[in-house]
Amino acid sequence: MRLFLINFFIVYGLFHLYMFLKLRAAIHPGLRWGIFIALFMVVMIAAPAVVRISERAGYEMFASFLSHVGYLWLAFIFLFVSASLVIDCYRLLAYITKAALKTGVLPVVPPKAGFFLPAVLSLAICTYGYFEALNIRTESVEIKTAKLPEHVKKLRAVQISDVHLGLIVREKRLARILEAVKTAEPDLLLSTGDLVDGQIDNLEGLAEQFNKINPRYGKFAIMGNHEFYAGIAQSQNFTKKAGFTMLREEGITVEGIINIAGVDDPAGGRFYNETKTQSEKDILSALPQHLFTILLKHRPIIDTGSLGFFDLQLSGHTHKGQIFPFSIATWIYYPVHAGCLSPVNGCLLYVSRGTGTWGPPIRFLAPPEVTVIDFVPE
């Protein structure tokens, strides 16, 4: 985690330096304005760290305000740098073409346009992305299986993932999510990790909102990486208060109808030196194999040793990148970073785009989802 933070702040600082140089080339601010802009950028670079420190110290109102400002700025500058790099690549191509052909074939992009075009585009995307993050979509999936008991004509499970309840995702956003869940009328509600964000000391009332939804076969959740960041005891207490049964390296058979197994995110081993006493395969193989088995696993990685012992793995974690073009990075690291039900040795994998937001309250080309999965007899 420490190495990640060091790398993050180095890269984030370079983003600001790049933007500052672009701004200076475009409008040539004087010394006074240059110092003011530089100081603002320093504050924005430090904002993510200040937010966490303030939250832990109990200054929640200040932390909430700074998190909105700081994370919106983070999204803006990420989009600005991404768009500017495209323009810079074009300018390099124009330069190479001119040098090779001894004449200017491609039109030149002046410094002012090179700054204001990506700035305006980034602002427009941030505005659109803010509202896209509020627009909870329902994704419907139907799975035919011969493993349902004869008396069950349809079983409906609803998956939520990566809600990240905290400073930004609060009562109003959660109400939107739970309205979509309630409308689906699930028999099961499944949370595939990161229900909470980091610090969760002041989430009064949020757990109670979940208690208005009581599927007949229960609610089940697992530990994502952010549950470990928030603290094991705090996360488990909140999840239990919200009415979920936490599955930690264990499986359960629900009323003789379906198996549900849950495994912890690897962050538990890194942060708490927790060692697993049994493998994923051991957990799954102990369940009745004639029933359909759902595996709840936060990260969309299939353990090849478990193939054949579960029927469907539900995952999240990636957010589908949350803000394009960051989705390119998540796709490279997790080849299945959203959707997909292609069978692997008879096992299916479905990856949620996530239901909330982490960091910037923005989504672009990766709308939030509540997933409705209908199991029907084959």
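**Reading a helix pair and a sheet**

Mentor: Welcome! In this predicted model, the axes of helix α2 (residues 31-56) and helix α3 (residues 60-101) come within 9 Å and cross at roughly 140°.

Trainee: How should I read a pair of helices like that?

Mentor: Two packed helices are described by the angle between their axes and the distance between those axes. Here the angle makes α2 oblique to α3.

Trainee: Is the crossing of α2 and α3 left-handed or right-handed?

Mentor: The crossing of α2 and α3 is left-handed.

Trainee: Which residues in α2 and α3 meet?

Mentor: From α2, look for F40, M44, A47, P48, V50, V51, R52, S54 and E55; they meet F62, A63, L66, S67, V69, G70, Y71 and W73 in α3. Sorted by class, this contact has 12 nonpolar, 3 polar and 2 charged residues.

Trainee: Thanks! Now, how do I read a sheet?

Mentor: Strands of a sheet pair through backbone hydrogen bonds, either parallel or antiparallel.

Trainee: How many bridges join β9 to β10?

Mentor: Strand β9 (residues 312-315) is joined to β10 by 4 bridges, and the two strands run parallel. To find your place there, pick out S315, which stands opposite V351 in β10.

Note on methods: Residues numbered from 1 in each chain as written. Predicted model: local features only at pLDDT ≥ 70, side-chain atom pairs only at ≥ 80, totals over all residues. Heavy atoms only, no water. Pairing = 2+ DSSP bridges. Axes fitted to C-alpha atoms, helices over the stretch in contact; angles between N-to-C directions. Parallel < 35°, antiparallel > 145°, perpendicular 65-115°, else oblique. Left-handed = near helix turned anticlockwise from the far one by under 90°. Contact = heavy atoms within 4.5 Å. Nonpolar A, V, L, I, M, F, W, Y, C, P; charged D, E, K, R; others polar.
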